[in-house]
Amino acid sequence: MLKNTVKRSVNGSIHSEEASSGNQASMLVLASIAALFAAYRVFILADHQIPLFYDEAYYHLWSLTLDWGYYSKPPMVAWLIALTTSFAQGVDWLVKLASPVLYCATALIIALTGNQLYNRQTGFWSGALALLMPIVSFNSLFITTDAPLLFFWSLTFYCFVTALATRKLYLWLAAGIACGFGLLSKYTMIFVPISIVLYLATDRSLRPLLVSVHFWLAAVAAMLIFLPNLIWNAEHQFVSLQHTREISQLDRTLLHPDKLLEFISAQFGVFGLVPMAVLIWLICRKSSYGDAKSLLLLCFTLPLLTVICVQALLTRANANWAAPSFLAATILITHHLLQQRRKKWLYFSLALHTLLMLGLYHYHSVLNLVGEAPSKRNDPYHRILGWPELGAQLSYWHDQYPDAALLSDSRKLLAYLGYYADPQFQTKVAIWNPTEQIRNHYDLFFNLDQQTTTEYLFVAETPLPVNILSRFDSVLELSPLRATVYKDYQRTVHIYYTKGFKGYDQTGSD
């Protein structure tokens with residue numbers, strides 16, 4: 001029984017003082033390694049001056065007006081950016097700073113959980129594997145909702161495991177509080193309480209916990225923390241739920257086996273070649289479900305992974321959507337490989353993942369080493385390059401027309417150029433949205449027909465058609481913004497100075 005085995009470990013009847021000292025030593029070593037990785041990743045962000053992806057610039061806009069919710073996401077990512085940019089504005093790596101720090105903290109929590117469930121070896125190597133998971137190396141370069149989600153997911157899991165072992169109320173409350181903050185990070189966190197209920201329900205001896213005071217106090221703590229976001233959504237027509245329904249695309253043609261295969265294949269890149277192969281083997285193996293600890297880890301792995309696979313089959317799913325599933329899976333496969341004396345597989349995975357990380361972080365140096373020029377075709381960073389230069393050019397036009405606000409029909413342009421141009425442009429914006437549909441945060445709060453500004457710098461990726469330009473009293477086409485990203489690729493944004501918006505064409509020709 002998990003509760004008994006874990007409890008014995010916690011009480012020290014199994015672990016000797018020597019083992020306990022060894023646990024502390026291995027955790028200190030791992031904590032030192034994690035701190036070095038965090039410092040290295042922050043150094044890469046600062047030294048390479050990696051520009052923001054437009055979602056990051058969009059979240060930065062949110063961080064300027066702290067709230068309990070935003071169009072598509074709960075508020076945690078905006079709060080984190082507000083915290084890290086409180087030291088200075090306009091510094092890209094400060095916007096991203098919370099990401100590498102939280103991912104390294106997540107790896108440490110996974111190590112603690114592995115140690116709690118099994119032993120220090122499982123804990124140490126689980127933490128190392130989590131630290132070098134390919135999706136973690138990649139996502140550490142960008143601040144997204146996944147960074148706080150994985151942190152609070154792993155923290156809730158750890159608190160739950162220790163609460164099961166000790167039955168102490170404060171650990172149940174800690175699990176509830178961590179879960180509440182996880183829900184404020186990303187709605188995917190709802191799969192944690194689902195996993196907990198699923199696990200408790202599978203074991204007859206644990207089922208009484210489902211009606212225990214400790215369990216429900218933890219649930220109340222989570223709900224109280226999450227409640228302000230629910231209220232915010234209620235006050236804004238539950239736009240976040242609408243967004244979730246739209247990105248699921250369940251209203252489109254269903255059944256796409258090719259998309260499911262594509263998603264599963266992508267998981268080998270997200271989790272790693274060996275870990276994903278071992279996980280599939282363990283999921284398919286009947287005996288994996290007979291052991292209480294393995295069952296616990298599978299209960300925190302399978303619900304989200306299964307739902308996202310079904311989502312991929314029905315329509316599509318982004319490769320990162322199931323990433324939290326791999327936190328518990330990391331402990332599961334690490335223990336299995338150690339138990340089967342397959343430590344070399346762990347070494348191979350860690351070496352491979354380290355090479356992938358170094359290749360990604362020093363990609364341009366590697367290209368230079370092999371004599372290959374970067375291009376749109378071979379550079380994974382091509383989508384984020386050139387925007388700071390375009391923002392600087394837009395600032396010039398803003399100096400010429402200081403009363404003008406930034407206008408576009410593109411969330412991407414508003415986010416990128418709002419961040420990289422004059423800082424005033426981040427909140428001095430409007431979106432061209434004649435359909436009045438709420439598709440993003442700009443539609444919700446910055447629709448053109450709700451603004452009082454009369455002058456705009458209208459930016460677009462293609463020349464604006466006459467039916468749009470005719471909706472203004474006067475229009476002056478300015479020199480396009482241009483940034484040469486590669487020898488064979490130039491990014492261009494068209495720009496118009498407009499005055500006197502006459503309102504959208506009610507005939508629908510816009």
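This is a predicted model: local features need pLDDT of at least 70, side-chain atom pairs count only at pLDDT 80 or more; totals for chains, interfaces and linings use all residues.
On the α3 side, the contact is formed by Glu56, Tyr59, His60, Trp62 and Ser63, while α4 contributes Val77, Ala78, Ile81 and Ala82. Sorted by class, the residues joining α3 to α4 are six nonpolar, two polar and one charged.

Turning to the cysteines, the model holds zero disulfides, judged by a cut-off of 2.5 Å between sulfur atoms. For Cys104, the closest cysteine sulfur belongs to Cys159 and lies 20 Å away, so the two are too far apart for a bond. Cys104 is also buried, its relative accessible area being 4%. Cys284 likewise takes part in no disulfide, the nearest cysteine sulfur being that of Cys309 at 11 Å. Cys284 counts as exposed, with 63% relative accessibility.

Leu313 is partly exposed, at a relative accessible area of 26%. Although 57 residues separate Leu313 from His256 in sequence, their C-alpha atoms are 4.9 Å apart in space. Leaving aside residues up to four places away in sequence, Leu313 touches Leu255, His256, Pro257 and Leu260.

How values were computed: Residues are numbered from 1 along each chain as its sequence is written. Side-chain values use heavy atoms; hydrogens and water are left out. Contact means heavy atoms within 4.5 Å. Helices (H or I, at least four residues) and strands (E, at least two) are DSSP runs, numbered from the N terminus. Ala, Val, Leu, Ile, Met, Phe, Trp, Tyr, Cys and Pro count as nonpolar, Asp, Glu, Lys and Arg as charged, and the others, Gly among them, as polar. Buried means under 20% relative accessible area, exposed over 50%, partly exposed in between (1.4 Å probe, protein chains only).
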